[in-house]
Amino acid sequence: MSSKKYILGNWKMNKNLAEITKFFASFNKHLITNNKIKYGFAPTYLGLGLASNLKKGQTFIIAQDVCEQEEGSYTGQISCKQLKDYKINYAIVGHSETRKFLGCTDQMVNKKVKVCLANKITPIVCIGESLQQYNKHQTKDVLAKQLKTIFNGVDDSKCIVAYEPLWAIGTGKTPTLKEITTICTHLKKFVQHTPILYGGSVNENNAIDIVTLKNVDGLLIGGASLCPDKFNKILKEVNKWTRK
Ligand code: PEP
């Protein structure tokens, strides 16, 4: 059995230009060619140009966020039009860290998704529940509510969803495999034709078990994507699995 899998790395505010160069020097040595896997990285905005130049093969480059406005007086923001200068066709929106530190809301994510689609950028929409909500068994309701607001007036089939429990990001904790597949299956009821990725403490040891779960179409990886060897190991295993 095989289907298309997304393996995406979010570098957050890590790596300067020298480190991005070093990463690709190593990562590019073991590239895979497989049209059933789509893989890419989201460097800092300032590294988008360099990463775009250094990437090889099927690797694609992703923006970590985008402004919900087309252009104008929005100090510190980056527009879709500016991303297009770097031929960026994917942008993460609504990541929990932009929600926590920059005040991003579901309503703003809805606008970001719309501006992305208007500019032919595929939004990678992050949703997830807090630990408190998880403990109260509210996960399904919380996610359904997020999807309703975020995809209001939107063709969700042109987007990607990343289910990232807030309590799993950068903590070394993950839901059980059963919980991940149950939640992703639940999400498919709302966004039937949208790839659904899982993110939160994925590493080179648990990635293959998670990505091969029913209704999981890929992974959004933070910490483990910073290391070319770890990311390559994940890709190698997924590559092997898709060829079974
Ligand atoms: C993330 O921030 O999107 C993420 C999944 O991080 P980590 O893999 O480090 O938990």
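Two residues are in contact here when they have heavy atoms within 4.5 Å. Helices are DSSP runs of H or I with at least four residues, numbered from the N terminus. This is a predicted model, where local features need pLDDT of at least 70, side-chain atom pairs count only at pLDDT 80 or more, and totals for chains, interfaces and linings use all residues. Residues are numbered from 1 along each chain as its sequence is written, and side-chain values use heavy atoms, with hydrogens and water left out.

**View 1. Helix H5 meets helix H7.** Look at Asp 106, Gln 107, Val 109, Asn 110 and Val 113 in H5: they touch Gln 146, Thr 149 and Ile 150 in H7. Sorted by class, that makes three nonpolar, four polar and one charged residues. (Ala, Val, Leu, Ile, Met, Phe, Trp, Tyr, Cys and Pro count as nonpolar, Asp, Glu, Lys and Arg as charged, and the others, Gly among them, as polar.) H5 covers residues 106–118, and its axis sits 8 Å from that of H7, at an angle of about 45 degrees. Axes are lines fitted to C-alpha atoms, for helices over the stretch in contact, and angles run from 0 to 180 degrees between N-to-C directions. The pair is therefore called oblique, the label left over once angles under 35 degrees (roughly parallel), over 145 (roughly antiparallel) and 65 to 115 (roughly perpendicular) are taken out. The crossing of H5 and H7 is right-handed, meaning that the near helix is turned clockwise from the far one by less than a right angle.

**View 2. Helix H7 packs on helix H8.** H7 (residues 139–150) and H8 (residues 177–190) have axes 10 Å apart, at about 35 degrees. On the H7 side you'll find Thr 139, Lys 140, Leu 143, Ala 144 and Leu 147, and H8 brings Thr 182, Ile 183, His 186, Leu 187 and Phe 190. That's six nonpolar, three polar and one charged residues.

**View 3. Helix H1 crosses helix H10.** The axes of H1 (residues 17–27) and H10 (residues 228–242) come within 9 Å and cross at roughly 40 degrees. From H1, Phe 23, Ser 26 and Phe 27 meet Pro 228, Asp 229, Phe 231, Asn 232 and Leu 235 of H10.

View 4. A polar side-chain atom of His 95 sits 2.8 Å from a ligand oxygen atom. For Ser 201, a backbone N or O atom lies 2.7 Å from an oxygen atom of the ligand.

Technical notes: Helices (H or I, at least four residues) and strands (E, at least two) are DSSP runs, numbered from the N terminus. A polar contact is a pair of N or O atoms within 3.5 Å; within protein, one must be able to donate a hydrogen and the other to accept it, and residues adjacent in sequence count only if both atoms are side-chain atoms.
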